[in-house]
Amino acid sequence: MTGVSHAIRRLLPALLLACAGLVLVPPAAQACTCQVPSVAQASRQADVVFTGVMLGERRDRQEAELALEVDRIYRGEVGSDPVDVASPTDSCGLKLVDDQSYLVFAVDGPRGLVSEECYGTVRASARTVKAVEKALGPGERFQEPVPEPAAPTYTRVLESDPPTFTRVAAPGAAMAIVGLLGWFVVRRRT
């Protein structure tokens, strides 16, 4: 019995180290398990469909904010250029490459556009663009929306009512009388 307990004492540090390794090592990344829709299916399901070039991204633990320069819109509206598209950072999140063109399928989320691999976003190619044009039509070239001019605001200069007609007309009437008097004087001399 003492031989067994001695062997267990010798193996105990190795067992503890092995168990700690299981706890400390993060699990391997899991692959996205959704079925990526075809371009035709993604076109029907998305709120916004556009082509755009990836400019860059900002990532935190749960979400990536992808900035894309919009080229052509096939469905929906995009409010600004570049447009920000949120994507989760889990296995189904988008992993886009800068300076590459993408066909983006997005939905309207609570804070803006959202997309992920399961929505069908893919690198733009002649084949994928042709498929989206078959499903949604030729789309239109993106143009930055022109902001509405601000409504005019009127500020009262003085805290009094506007002048009456007689007060406005008095200087004109005085000039007319002076002109007539001058005409009479010049006419009498001649």
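This is a predicted model: local features need pLDDT of at least 70, side-chain atom pairs count only at pLDDT 80 or more; totals for chains, interfaces and linings use all residues.
Q: Let's start with the cysteines. How many disulfides come out of the count?
A: Two disulfides.

Q: Which residue does C32 pair with?
A: C32 is joined to C92, with an S to S distance of 1.9 Å.

Q: And where do those two sit?
A: C32 is in the loop between α1 and α2, and C92 is in the loop between β3 (83-88) and β4 (101-109), so the bond ties together parts 60 residues apart in sequence.

Q: Is that link right-handed or left-handed?
A: The link of C32 and C92 is right-handed, with 95 degrees about the S-S bond.

Q: Buried or exposed?
A: C32 and C92 are both buried.

Q: OK, the other one. What does C34 bond to?
A: C34 forms a disulfide with C118, the sulfur atoms being 2.0 Å apart. C34 lies in the loop between α1 and α2, and C118 in the loop between β5 (112-114) and β6 (122-123), so this pair ties together parts 84 residues apart in sequence.

Q: Which hand does the link of C34 and C118 have?
A: Left-handed, with -100 degrees about the S-S bond.

Q: Why does C118 count as buried?
A: Because its relative accessibility is 16%, and the cut-off for buried is under 20%. C34 is partly exposed, with a relative accessible area of 26%.

Q: What's the pairing in sequence order?
A: With the bonded cysteines of the protein chain numbered in sequence order, the pairing is 1-3, 2-4.

Q: Now V36. Where is that one?
A: V36 is in the loop between α1 (2-24) and α2 (39-45). V36 is partly exposed, at 39% relative accessible area.

Q: What does V36 touch, leaving out residues up to four places away in sequence?
A: V36 touches E117 and G120. The C-alpha atoms of V36 and T121 are separated by 8.9 Å, and these two residues are 85 residues apart along the chain.

Q: Switching to charges. How many salt bridges?
A: Three salt bridges by the count.

Q: Take R59 first. What is its partner?
A: R59 forms a salt bridge with E57, and the closest N and O atoms are 2.4 Å apart. R59 is partly exposed at 42%, and E57 is partly exposed at 36%.

Q: Next, which residue does E63 meet?
A: The side chain of E63 meets that of R111 in a salt bridge, 3.2 Å from N to O. E63 is in strand β2 (residues 63-75) and R111 is in the loop between β4 and β5, so the pair ties together parts 48 residues apart in sequence. R111 is exposed, at 74%, whereas E63 counts as partly exposed at 23%.

Q: And R141? Which residue is across from it in the salt bridge?
A: D71, with the closest N and O atoms 2.6 Å apart. R141 lies in strand β7 (residues 140-141) and D71 in strand β2, so parts 70 residues apart in sequence are tied together. R141 counts as exposed at 55%, and D71 as partly exposed at 33%.

Q: Last topic, α4. What span should that helix have?
A: Helix α4 (residues 165-189) has 25 residues and should span 36 Å at 1.5 Å a residue. Its end C-alpha atoms are 37 Å apart, which agrees.

Q: Where is the kink in α4 centred?
A: On P171, and the kink is about 30 degrees.

Conventions:
Residues are numbered from 1 along each chain as its sequence is written. Side-chain values use heavy atoms; hydrogens and water are left out. Helices (H or I, at least four residues) and strands (E, at least two) are DSSP runs, numbered from the N terminus. Buried means under 20% relative accessible area, exposed over 50%, partly exposed in between (1.4 Å probe, protein chains only). Contact means heavy atoms within 4.5 Å. A disulfide is a pair of cysteine sulfur atoms within 2.5 Å. The expected span of a helix is 1.5 Å times one less than its number of residues. The bend at a residue is the angle between axes fitted to the seven residues ending there and the seven starting there. A salt bridge is a side-chain nitrogen of Lys or Arg within 4 Å of a carboxyl oxygen of Asp or Glu.
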